[in-house]
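Welcome! Here is a short briefing to read alongside the sequence and the 3D view.

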Amino acid sequence: MTPHEEGFLVGLITKIRVSHHVATRNLLEDLRRAVDRLVARANPTERATVLVLRGAFTTFQDDLLAHLLHEERVVFPYVLGLEQALESERPAPTSSFGPLDHPLAALKDEQASTRGALDRLEAAIALGRTHGGDPLVWDGLGEPLATLKRDLEVHVCLEQEVLFPAALDAEQRLAARHVREAERRAPSRT
Ligand SMILES: [Fe+2]
Ligand SMILES: [Fe+2]
């Protein structure tokens, strides 16, 4: 499917939500349970590294969940409204944020911030694995984290390389249509 085909944006956003946002939330839950197990089992010598891990995980989780909600509650509905307006006589969606490139820049900043939080989480796991106790227990975090990391790479690429450019293009096409319609309605000077 190409970006100018009917239903392209709704199909892409549905795929992102169903495939990636659901997987992200499930994997965060798996990681939360693994972190809680580590906290519960930590002996006094492991406690400091486990608490560093819990702090790093909580920051990563909070950043990522806030980012998903920003997309689901603000940006995706607006982008879907753009496509609906282009494909029908519906009016353009109203936005509280000005042009679309403003929230898209904010989403890219959030993705970079989440990436930094993920790096700190990986560092906390590496620290705990070498100084915090049984490496096998710490390795239990590795699999869900590696799966989430791989999924996030595809997810971010799909948004930054496909969704955001297609959404900006839809906004521009809708604006151009409004200009043409305004010119047609304007009284002729001749
Ligand atoms: Fe997303
Ligand atoms: Fe995103």
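Helices here are DSSP runs of H or I with at least four residues, numbered from the N terminus. This is a predicted model, in which local features need pLDDT of at least 70, side-chain atom pairs count only at pLDDT 80 or more, and totals for chains, interfaces and linings use all residues. Residues are numbered from 1 along each chain as its sequence is written.

**A residue to start from**
- Ala34 sits in helix 1.
- Ala34 counts as buried because it has 20 C-beta neighbours inside 10 Å; the cut-off is 20 or more other C-beta atoms within 10 Å, with C-beta atoms placed from the backbone.
- Leaving out residues up to four places away in sequence, Ala34 touches Gly140, Leu141 and Pro144 (contact means C-beta atoms, placed from the backbone, within 7 Å).
- Ala34 and Leu141 are 107 residues apart along the chain, yet their C-alpha atoms are separated by 6.3 Å.

**The nonpolar cores**
- A nonpolar core is a set of buried Ala, Val, Leu, Ile, Met, Phe, Trp, Tyr and Cys residues joined through C-beta atoms within 7 Å.
- The largest one has 19 residues, and Leu31, Leu53 and Phe57 have the most contacts inside it.
- Helix 1 (8-41), helix 2 (47-87), helix 3 (101-131) and helix 4 (135-185) each supply at least two residues of this core.
- Helix 2 gives the largest share of this core, six residues.
- A second, separate core has 14 residues, including Leu12, Ile16, Val75 and Leu163.

**Around Leu31**
- Beyond its neighbours within four places in sequence, Leu31 is in contact with Phe57, Leu141, Pro144 and Leu145.

Note on methods. Chains lettered and ligands numbered in written order. Buried ≥ 20, exposed ≤ 12 C-beta atoms within 10 Å, placed from the backbone. Contact = placed C-beta atoms within 7 Å.
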